[in-house]
Amino acid sequence: MCALLLALSIPLTENANYNEPAAAAQQRLFSTAEAPEAMADSFSDIVAVETLDSSPTSFTFRPDALVNYPFVQTVMLTDPFGYRTAPVEQFHDAQDFAAAAGTQVQAIADGEVLEAGFANDGCGFGLKLEHNIDDKNVTSRYCHMQMGSHTLKVGDDVKMGDPVGRVGNTGMSFGPHLHLALVLDKKPIDPMPFLAKYSRMDRTRTNH
């Protein structure tokens, strides 16, 4: 009887999380940035790039592409960009990739290192790069990577496809995965439409 009463006293939200499939449960993480007030009024303003194929289920690394996905191989997508209610109601500013621990992460485009190492805002061991893509100022942030999985420093230059770390579980994370956040002109955007569009463009066609 005591055991039954104890079980009934546990919040339903905790039971729901406990019973979720492991791959999904471990990918539910807190955002590395809160949604600005202006975005709460107009969520559509956040999605800066539109494409018919905004959430591809597979992709191929192309050496000649202007922008590539953060992995050479296709990996499962989990928590997407946008508002969510679990584990708390908040704005998730990135796309999560459920790659296995230790999987090599690559730079999505040519750029310069803005931040490197461990961050205390929930990102854990990560990296932030600044890019000029199609005459647009873009930053890409790679969070929750394995400690010490890169030796990059602020000011270093990287090329598209360069290794920038390995998938880990550092910071505010509930399982190994990559949290990829993109910011365009100081506004967070959905990474998937952006990657889908610019991965089709060749490097020789666009100034970057």
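Start with helix 5: F194 and Y198 both sit in it, 4 residues apart, which is about one turn of the helix. Keep in mind that this is a predicted model.

- The rings of F194 and Y198 form an aromatic pair, with 4.7 Å from centre to centre.
- Their planes make an angle of 45°, so the pair counts as tilted, a label that covers what is neither under 30 degrees (stacked) nor over 60 (edge-to-face).
- Are these two residues buried or exposed? Both F194 and Y198 are buried.

**The largest nonpolar core**

- The largest nonpolar core is made up of 34 residues.
- Within this core, Y142 and L178 have the most contacts.
- Which elements each bring at least two residues to the core? They are strand 6 (124–133), strand 7 (136–145), strand 10 (178–184) and helix 5 (191–198).
- Helix 5 gives the largest share of the core, with 5 residues.
- Setting aside neighbours within four places in sequence, L178 touches a list of residues that includes P70, F71, F97, V105 and V167.
- Also on the contact list of L178 are Q95 and D96, along with Y142, C143 and M145.

**Strand 6 and its partners**

- Why can strand 6 be called largely enclosed by the rest of the structure? Because 8 of its 10 residues are buried.
- On one side of the pairing story, strand 5 and strand 6 run antiparallel and are joined by 7 bridges.
- Here E115 has K128 of strand 6 as its bridge partner.
- The hairpin of strand 5 and strand 6 has 4 residues between the strands, and G122 there takes a positive phi near 110°.
- Strand 6 also pairs with strand 7, again antiparallel, through 8 bridges.
- Across that pairing, L127 stands opposite Y142 in strand 7, and Y142 is the residue already met among those with the most contacts in the core.
- The hairpin of strand 6 and strand 7 has 2 residues between the strands, and D134 in the turn has a positive phi of about 55°.

**The disulfide**

- How many disulfides does the model have? The count comes to 1.
- It joins C123 and C143, whose sulfur atoms are 2.1 Å apart.
- The link of C123 and C143 is left-handed, with -100° about the S-S bond.
- C123 lies in the loop between strand 5 (111–119) and strand 6, while C143 is in strand 7, so the bond ties together parts that are 20 residues apart in sequence.
- Both cysteines, C123 and C143, are buried.
- C143 is also one of the residues in contact with L178.

**The other aromatic pair**

- The structure holds 2 aromatic pairs, and besides F194 with Y198 there is F71 with F97.
- The pair of F71 and F97 is tilted too, at 5.7 Å centre to centre and 55° between the planes.
- F71 is in the loop between helix 4 (37–41) and strand 1 (82–84), and F97 is in strand 3 (residues 95–97), so this pair links parts that are 26 residues apart in sequence.
- F71 is buried, with a relative accessible area of 1%.
- F97 is buried as well, its relative accessible area being 0%.

Definitions and conventions
Residues are numbered from 1 along each chain as its sequence is written. This is a predicted model: local features need pLDDT of at least 70, side-chain atom pairs count only at pLDDT 80 or more; totals for chains, interfaces and linings use all residues. Side-chain values use heavy atoms; hydrogens and water are left out. A nonpolar core is a set of buried Ala, Val, Leu, Ile, Met, Phe, Trp, Tyr and Cys residues joined through side-chain atoms within 4.5 Å. Buried means under 20% relative accessible area, exposed over 50%, partly exposed in between (1.4 Å probe, protein chains only). Contact means heavy atoms within 4.5 Å. A disulfide is a pair of cysteine sulfur atoms within 2.5 Å. Two strands pair if DSSP finds at least two bridges between them. Rings of Phe, Tyr and Trp (its six-membered ring) pair if their centres lie within 6.5 Å; planes under 30 degrees apart count as stacked, over 60 as edge-to-face and the rest as tilted.
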